[in-house]
Amino acid sequence: MYKVRLLCILISVFYLSCSKNSGGGNPNPGIVPVTTFTNPLLSSGPDPWVIKKDSFYYYTHTLGNRIAIWRTKKMSELGNAVAQNIWSAPATGPNSKNVWAPELHFLNGKWYAYYTAGSSTDLSTQRTFVLENDNAADPRSGTWVDKGQISDTAANFFAIDGTVMTYSGNNYFIWSGQASATDNTQRIYIARMTTPWTLGTSRNLISSPQYTWETMGSPPGVNEGPEILVNPAGKFFLVYSASGCWTDDYALGMLSLADGTDPLVTANWTKTTVPVFSKKPSAYGPGHNAFFKSVDGTEDWILYHANASSGQGCGDTRNPRMQKFTWNANGTPNFGEPVGTGASITKPAGE
């Protein structure tokens with residue numbers, strides 16, 4: 001009788017325990033979910049770029065002699081992703097040296113990788129190039145085809161940091177270049193594209209360094225790393241990096257495109273008179289950014305590189321960081337200030 005009674009008690013305790021764990025409760029009450037992350041996302045990663053397609057984020061950054069892609073479902077866990085090489089620079093040729101600032105774009109059902117490279121250690125040979133991959137499902141698979149240099153052939157000068165803006169049914173190529181073969185000031189140019197690897201118009205100047213905060217470390221003055229941002233109402237902004245990357249004062253400036261106007265016309269772009277994102281302790285030289293949405297699509301995030309210490313310049317000590325930003329009442333972005341290294345940041349919504 002005692003054994004039967006003990007068995008009944010044990011069975012009752014078992015079912016009571018099961019009922020408490022039913023209905024969606026935490027099956028592992030001793031494990032507390034991690035809801036925050038800290039910058040940097042990786043120990044090194046100059047010129048970071050990210051694009052989201054389907055349920056994955058595809059990330060890349062400057063590696064110098066190749067292009068690799070990291071894939072993750074959670075940007076806060078980028079450090080757990082494994083890089084996969086998709087292209088290596090040839091031993092010789094116009095794109096064999098100094099492979100910089102790759103960007104992935106999905107256009108017309110295909111992937112395109114835009115990047116900067118040169119033919120020698122002489123940086124005046126730097127130009128923009130593009131690769132194509134028709135494997136829409138995953139840019140890490142399939143075959144990347146070299147589509148060659150993309151440029152205004154009438155002004156084939158120094159050109160870096162190419163990006164693509166899709167606007168009013170057309171694609172536009174935007175990059176940082178110089179006015180002539182002897183000029184060394186970096187300016188931002190735009191041209192309309194006829195295909196993802198050819199330009200249909202000559203280049204048009206839309207920004208030159210003009211304020212003190214754009215010329216720190218000069219000569220030369222620098223406008224580079226152009227990136228497009230569209231607000232919830234559909235207004236277009238161009239956020240770019242200003243001043244020399246060799247200074248702590250590398251920062252972000254911004255151009256606003258007048259609604260419904262031709263982006264090839266310089267006068268249709270208005271520049272901020274002050275930087276929109278600049279250095280703070282443990283985030284020196286913040287710049288060369290990209291933008292992305294949180295997993296659930298409700299939040300806007302900026303991805304950028306910075307140095308943890310003063311005086312580290314343009315090398316591989318620059319590492320990728322990210323933080324959420326908001327929108328001002330007038331529709332302009334409010335990036336706030338760079339969050340310090342090691343500070344806890346709430347993960348993007350949906351992670």
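This is a predicted model: local features need pLDDT of at least 70, side-chain atom pairs count only at pLDDT 80 or more; totals for chains, interfaces and linings use all residues.
In strand E3, Tyr57 is the bridge partner of Lys52.

Strand E2 and strand E3, the latter spanning residues 56–60, are paired in the antiparallel sense over five bridges. Both strands are part of an open sheet of four strands, ordered E2-E3-E4-E5 with antiparallel pairing. Strand E2 (49–53) and strand E5 (84–88) each have a single partner strand and stand at the edges, so one side of each is left without a neighbour in the sheet. On average, neighbouring strands of this sheet are turned by 25 degrees against each other, direction ignored. In general, the strands of a sheet pair through backbone hydrogen bonds, either parallel or antiparallel.

Two loop residues have a positive phi. Asp47 has a phi near 55 degrees, a positive value in a residue other than glycine, and lies in the loop between strand E1 (36–38) and E2. Asp54, in the loop between E2 and E3, also has a phi near 55 degrees. Their accessibilities are listed below.

| Residue | Relative accessibility | Class |
|---|---|---|
| Asp47 | 9% | buried |
| Asp54 | 58% | exposed |

Asp47 counts as buried because its relative accessibility of 9% falls under 20%. Asp54, at 58%, counts as exposed because the cut-off for that class is over 50%.

Cis peptide bonds occur elsewhere in the chain. One joins Ser218 and Pro219, with omega about 0 degrees. The peptide bond from Pro219 to Pro220 is cis as well, with omega near 0 degrees. Pro219 is placed in the loop between strand E14 (204–207) and strand E15 (223–230), and Pro220 is likewise in the loop between E14 and E15.

Conventions: Residues are numbered from 1 along each chain as its sequence is written. Side-chain values use heavy atoms; hydrogens and water are left out. Two strands pair if DSSP finds at least two bridges between them. Axes are lines fitted to C-alpha atoms, for helices over the stretch in contact, and angles run from 0 to 180 degrees between N-to-C directions. Buried means under 20% relative accessible area, exposed over 50%, partly exposed in between (1.4 Å probe, protein chains only).
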